[in-house]
Amino acid sequence: METRVVGSLTFTIDFSIPLYEQIVEQIRHAVARGEIKLGTKLPSVREMAQKLKINPSTVVRAYLELEHEGLCEKRRGQGTFITTSEKKVKDLKFKLAQEAITNFIQTMRLLGIDQKTAQQWLKEAEWK
Amino acid sequence: MNPIVSCQQVTYRYGKKLAINQLTASFPQGQAIGLLGENGAGKSTLLKLITGIMQPNAGQIKVFGETPNWQTLKRISYLGDRAQWYKFHRIQEAIQFAQQLCPNFQLSRAEHYLEFLKLNPQDFVESLSKGQMMRLQLLLCLSRDVDLYILDEPFSGIDLISREKIIELLIELLAERTATFIISTHEIYETEGLFEYVFLLKNGKIVKKGKTDQLRAELGSIQNVYREVFR
Amino acid sequence: MKAFWSMVKLNYQMIIPNKFFFYLFIVLGFAIGSFTFFTFSSFKIIESHIHWAFLWILFAIPGFASSLIYNEWTQKTHHWFLSLPYPRWWILLSKYVAILLQVLLLLAIASAIPYLMLYLYNQFSSTLVVNWSALQDRYFEVLLEILIYFPFLITHGVFASTVLYSPFRSLSGLLWLLFGLTCPFIVLRQLRHAAYLDWNILQVSPLILLLISLCLSLLFFLGTNYLLKRKIRI
């Protein structure tokens with residue numbers, strides 16, 4: 001695993017997972033966490049490929065996927081921009097939170113902890 | 001999509017030694033293809049058969065739908081393994097020579113790469129280091145505007161800086177052009193992000209192939225796949 | 001056409017790189033000059049010995065030819081010349097022309113120096129009497145005969161050295177044996193008047209020699225072309 005910085009974004013590339021998925025995933029998280037402001041321009045395909053040392057078509061594929069989700073939009077002749085719609089971000093946050101909860105539940109069940117205990121512990125846990 | 005290169009039951013022998021053993025494969029068009037394998041797996045031999053420098057003992061190869069001949073070489077740019085340029089040339093003369101001999105040689109592009117790769121056109125080829133020599137040869141290869149680039153071991157045995165420069169140049173090219181690249185290497189670590197499609201070659205046969213992202217999803221990194229195959 | 005001449009130029013430089021040319025010139029001048037000097041200080045009739053000044057150039061041809069092929073392989077430039085988008089006969093032809101030009105240049109130098117020296121010597125000394133018309137006749141005769149061997153020697157040299165990089169490499173010895181047989185023929189043919197040799201084989205007319213030379217060179221050319229196209233190993 002290697003950490004590489006592209007503009008204001010930081011990527012951790014793990015070659016054992018499809019590369020375009022990682023780019024999509026990490027941009028998604030960055031948007032949800034508010035690390036990228038809405039409406040900012042994403043690095044160009046070429047810059048991204050150069051910095052991450054990967055094939056440009058992988059980056060193109062990732063950007064297309066993000067566009068498809070509505071998280072990014074392509075403006076002709078200008079490049080790809082993060083969406084300006086707050087609602088989209090909210091939806092994304094919800095979706096990522098749901099994913100985290102599903103993971104949490106999965107882990108608890110594997111540990112043999114029932115819902116009640118888990119909820120109790122969650123209440124007692126500190127939000128720091 | 002039509003494959004750009006297809007091999008049918010190709011066999012090549014050096015004397016009694018079998019270098020390529022009934023190999024069947026088709027190389028997809030417009031992608032960066034990695035040809036991976038240990039030394040002596042038959043990578044170079046296969047690439048030489050594709051360019052038409054050597055002829056297979058049995059089987060059939062089609063490049064752009066034709067049996068390789070000197071006409072197909074107009075559409076192929078080939079960098080041989082451990083190739084060297086003529087020692088008595090200056091870099092400038094080498095570029096002039098390539099421009100006069102190769103159709104579709106883009107002088108403006110060559111000049112741009114000259115700067116990008118930090119080569120001095122007044123230097124004699126004889127005085128270049130290994131890495132610089134590789135940079136020069138890559139410049140000569142990549143300044144041509146062709147449909148198929150075949151690079152045999154462009155990363156082996158050269159210094160880190162040259163290697164990084166070369167990778168940068170390749171990414172630049174991949175962003176610019178829709179040509180097909182077939183790159184053979186046994187140094188996967190730095191290059192595995194470049195390939196969209198890989199073939200793993202062992203004892204003159206293809207033992208594994210596929211889209212890299214698909215292989216990653218199924219089996220983990222290409223390095224792992226490689227280790228598994230060759231251990 | 002422009003491409004052809006730059007290919008010829010490349011091959012030409014590969015035989016003797018430009019930077020060595022100066023030294024070559026000096027060595028040649030010194031060697032031939034001293035040869036001429038010793039010849040006309042010890043022989044009475046110069047005309048019948050003058051061929052020694054440049055007959056040796058014939059034996060440099062196989063060296064040039066094999067260095068053109070051998071260097072491609074040892075300096076690892078063979079990938080380049082074999083992957084150029086031109087037919088193999090075209091590439092071969094450029095090599096032939098390069099050797100021809102190089103040898104012609106040497107021949108011009110080697111034949112001009114003795115002539116010039118004789119001329120100068122004749123001006124300042126009266127001990128040597130040169131029969132100029134006989135000398136010119138001899139020059140003409142020898143140079144013409146040397147030209148007859150050119151196609152044979154050039155194509156033979158390239159063929160014999162290309163064979164080394166094909167599955168038939170064991171044949172190369174046989175080919176050099178053929179060259180070994182032609183050497184004494186070439187030399188004895190020049191000697192036949194002075195040494196009073198009246199063997200039939202040495203009396204063959206130059207026209208027949210030319211015919212044989214051209215036929216053999218066509219054979220070698222086709223052979224090399226075939227090897228480069230089908231059987232080459234790199």
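Modeller: L42(A) has a relative accessibility of 3%, so it counts as buried. Keep in mind that this is a predicted model.

Biologist: Where does L42(A) sit in chain A?

Modeller: L42(A) lies in the loop between α1 (19–32) and α2 (45–52) of chain A.

Biologist: And what is L42(A) in contact with, leaving aside neighbours within four places in sequence?

Modeller: The contacts are L9(A), I27(A), Y63(A), C72(A), T80(A), F81(A) and I82(A).

Biologist: New topic. How many disulfides over all chains?

Modeller: The count is 0.

Biologist: Is C102(B) buried or exposed? And C141(B), buried or exposed?

Modeller: C102(B) is buried, at 12% relative accessibility. C141(B) is buried too, at 1%.

Biologist: Now the domains. How is chain A divided?

Modeller: Domain 1 covers 2–84 and domain 2 covers 87–124. Their centres are 27 Å apart, taken over C-alpha atoms.

Biologist: What area is buried between domain 1 and domain 2 of chain A?

Modeller: About 690 Å², with 73% of that from carbon and sulfur atoms. On the domain 1 side, R28(A), A32(A) and L71(A) lose the most area, together 50% of what that side buries.

Biologist: How many salt bridges across that interface?

Modeller: The rule finds 0.

Biologist: Which element gives the largest share of the domain 1 side?

Modeller: α1(A), with 5 residues.

Definitions and conventions:
Residues numbered from 1 in each chain as written. Chains lettered and ligands numbered in written order. Predicted model: local features only at pLDDT ≥ 70, side-chain atom pairs only at ≥ 80, totals over all residues. Heavy atoms only, no water. Helix = DSSP H or I, 4+ residues; strand = E, 2+ residues; numbered from the N terminus. Buried < 20%, exposed > 50% of the residue type's maximum accessible area, 1.4 Å probe, protein only. Contact = heavy atoms within 4.5 Å. Disulfide = S-S within 2.5 Å. Domains from an automatic or database assignment. Buried area = accessible area lost by both parts, 1.4 Å probe. Salt bridge = Lys/Arg side-chain N within 4 Å of Asp/Glu carboxyl O.
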